[in-house]
Every structure is written in C-alpha cells, then in structure tokens.
Amino acid sequence: MGFGELRVPTAIAVTSADMALPPQDQRTMPAVVLPDLDSEPLERSLAVLQSLIDQHGHVIVVCSQAVSQQTERRLHTVRSLLESDRIALFRPELPPLGLAVLARQLRQLASCDLSPGVLASAGRLLTHYIHAGALLGSVTKLDRVPVGLKSHAKSWVPGSQFAVLAHPQPQLERIGPGATLAGPEFATSMLVARGQLQSDWVNDSLAKAWNVQGLRECPLPAESARWWGTGKLIEFCSFLPDLSVLYQLVTSVRQNICHWCGIDLIGDRCVFCSATALAQPGPAASPASSASAAAPRYQKQLPAG
C-alpha cells in the first residue's frame with residue numbers, strides 16, 4: 001500500500017480492556033489499556049503515562065464520555081502534573097462501541113507514516129464516517145439523543161423496542177414493519193454488541209438496509225449501559241475497515257502546523273496543546289470530498305462477508 005513505517009508508533013490508549021477491540025488487520029497496533037484510573041494510586045498513573053511518553057514519544061488517550069468523573073479527573077491531573085503536550089485526551093461524542101471502533105482505526109493508522117499530530121487530529125475526521133446506534137428496550141433514561149414525549153410514553157408499552165442512531169445525525173424510530181435508520185452512503189462493515197435484549201433486527205433488517213459488507217459480533221462495552229440508559233440493548237456501529245481507505249482520507253486533507261508546539265496537524269485545533277492552528281492559504285479538502293474520492297476505491301477492495 002505504499003505506507004512508510006514509523007520506528008516508534010504513537011501509543012493509542014483506552015481506559016478499559018473492552019474498548020481494545022481485536023486487530024482489524026495485521027498492521028493494527030495493540031492498544032495500551034489504562035485500567036483502574038479511578039482507583040489506583042496517583043503515583044502509578046503518573047509512572048505509566050511517563051513510561052509511555054518515554055517509549056512512544058506521544059500518547060493519544062481515547063476516552064468515552066461515559067467514564068466516571070474520577071477517571072476523567074485522573075487523566076487531566078496526570079497530564080497537568082507531567083506538564084506534557086505529548087498526551088492528547090480525545091473524548092468525541094460517540095457511544096462506547098463507536099468509540100472503540102474509532103480507537104481501533106487510530107491503531108491501524110499508527111502503523112503508517114503519519115506524524116503524532118496528524119494521527120491525533122485524524123480522529124475528528126474519521127468520526128464523520130462512523131454510524132453508531134443501538135436497539136433499545138426503553139428510552140425512558142436516554143438523555144444523549146433527543147427523545148420526544150410520545151416515544152417516552154410508548155416506551156412503557158410492554159415489548160416496545162426503539163432503533164436509535166446517535167451519530168452522525170440523531171434519529172429515533174419505534175420498531176415496526178419497515179422501520180429503519182438513515183445509514184451510510186458508502187459500503188461499510190458492521191460491529192454488533194449484544195446486551196440484555198433479544199432481537200435479530202440489527203443483524204437482519206438494518207444490516208440489509210445499510211448494505212453492510214461484513215458483520216461481526218463482540219462483547220458489549222461495560223460503559224454502554226450507562227451511556228444508553230439501559231442494559232436492555234443491542235449496540236451497533238458501521239465503519240470503514242480498510243487501512244488504505246483510512247489512510248487516503250487522512251492524507252487527502254491539508255496539513256497545518258501548530259504555531260504553539262510546532263506539531264503537524266489537520267483541522268484548526270491542536271489535539272495535544274489545544275492551540276488553534278494558523279490559517280494557511282489554499283483550499284482544503286472537506287470530509288465530503290475526501291469520502292467521495294476514497295469510497296469508490298474502498299467498495300472495490302472490501303470483500304463481502
């Protein structure tokens with residue numbers, strides 16, 4: 001595929017083992033798991049992150065918005081005490097399974113000739129191509145996706161199930177004949193994680209409507225029940241699995257230089273130091289134009305099944 005190799009790949013870290021999905025391909029770098037951040041001694045957290053910086057140069061921590069406040073505070077405390085601009089804390093508004101998929105995509109790209117700043121800011125770009133949602137047995141405690149009063153009332157009806165798309169555009173549909181959700185306009189693979197809900201709707205109806213080219217199941221992340229407000233769910237996520245397509249998407253976007261820390265990046269804000277990048281002359285490729293350029297190539301390369 002023509003990718004260069006980094007001698008020391010940037011470390012991609014997650015906060016629990018269930019967010020470290022199995023490798024997508026042979027080049028996928030292993031995830032660094034940072035468990036027990038909410039309970040272990042501060043000295044241990046400092047030592048682990050410092051060791052990662054020493055070994056890898058830069059660390060990207062992909063963290064769910066559903067983690068405990070103690071975990072979130074610990075990450076910010078460690079970064080502050082180490083006085084390091086080499087730790088990026090990335091917390092996009094994705095459900096846990098979608099976030100685990102994104103972390104794996106960054107692990108795939110970590111094997112390529114991308115600088116740490118470009119790799120870190122690539123996470124924002126790649127979220128545009130992730131469709132993440134869940135089939136829920138109740139929406140009474142769902143507060144991360146807009147839910148109308150009628151849906152709340154219907155959720156009390158025994159046997160009701162709701163299909164919810166959290167990203168990229170919120171959508172909620174009560175399951176019935178012909179019910180579906182707006183899906184991607186390009187070929188994807190799908191990952192499904194089953195909680196305490198029995199249904200084949202995701203594997204059969206939704207996967208068919210979205211023209212999914214490959215479907216696999218995995219354990220439900222521990223944070224999913226908290227994020228969705230119920231344990232009676234089946235979480236799903238469609239994504240681009242092919243490394244060559246991910247690489248093409250990222251490298252098609254113009255790079256900037258952070259005027260504060262000097263790191264290369266894409267987008268308008270440095271993920272490591274949070275400074276806004278200086279404007280550069282010339283047009284930049286939008287996510288939509290990047291997708292249109294990469295999708296045809298991807299559709300030819302992705303094997304069915």
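Biologist: Which residue in S2 stands opposite valine 14?

Modeller: This is a predicted model: local features need pLDDT of at least 70, side-chain atom pairs count only at pLDDT 80 or more, and totals for chains, interfaces and linings use all residues. Residues are numbered from 1 along each chain as its sequence is written, and side-chain values use heavy atoms, without hydrogens and water. Strands (E, at least two residues) and helices (H or I, at least four) are DSSP runs, numbered from the N terminus. Strand S1 (residues 11-14) is joined to S2 by 2 bridges, and opposite valine 14 stands valine 33.

Biologist: In what order do the 4 strands of the open sheet lie?

Modeller: Two strands pair if DSSP finds at least two bridges between them. S2 (32-33) and S4 (87-90) are the edge strands, each pairing on one side only. The pairing is parallel, and the order is S2-S1-S3-S4.

Biologist: What angle does the direction of H1 make with that of S3?

Modeller: H1 packs on the sheet and touches S1, S2, S3 and S4. Contact means heavy atoms within 4.5 Å. Axes are lines fitted to C-alpha atoms, for helices over the stretch in contact, and angles run from 0 to 180 degrees between N-to-C directions. With S3 (59-62), H1 makes about 130°.

Biologist: And H3, what angle does its direction make with that of S1?

Modeller: Helix H3 (residues 96-109) also packs on the sheet. H3 touches S1, S3 and S4, and its direction makes with that of S1 an angle of about 165°.

Biologist: How many nonpolar residues are in the contact of H1 with H2?

Modeller: H1 (residues 42-56) and H2 (residues 69-82) pack at about 65°, with axes 10 Å apart. Leu46 and Leu49 are among the H1 residues here, and Val78 and Leu81 among those of H2. Ala, Val, Leu, Ile, Met, Phe, Trp, Tyr, Cys and Pro count as nonpolar, Asp, Glu, Lys and Arg as charged, and the others, Gly among them, as polar. The contact has 3 polar residues, 1 charged, and the nonpolar count is 7.

Biologist: In S9, which residue is the bridge partner of leucine 191?

Modeller: S8 (residues 189-194) is mostly covered, with 5 of its 6 residues buried. S8 runs parallel to S9 (residues 214-218), and 5 bridges join them. Leucine 191 has as its partner arginine 216.

Terms used:
Buried means under 20% relative accessible area, exposed over 50%, partly exposed in between (1.4 Å probe, protein chains only).
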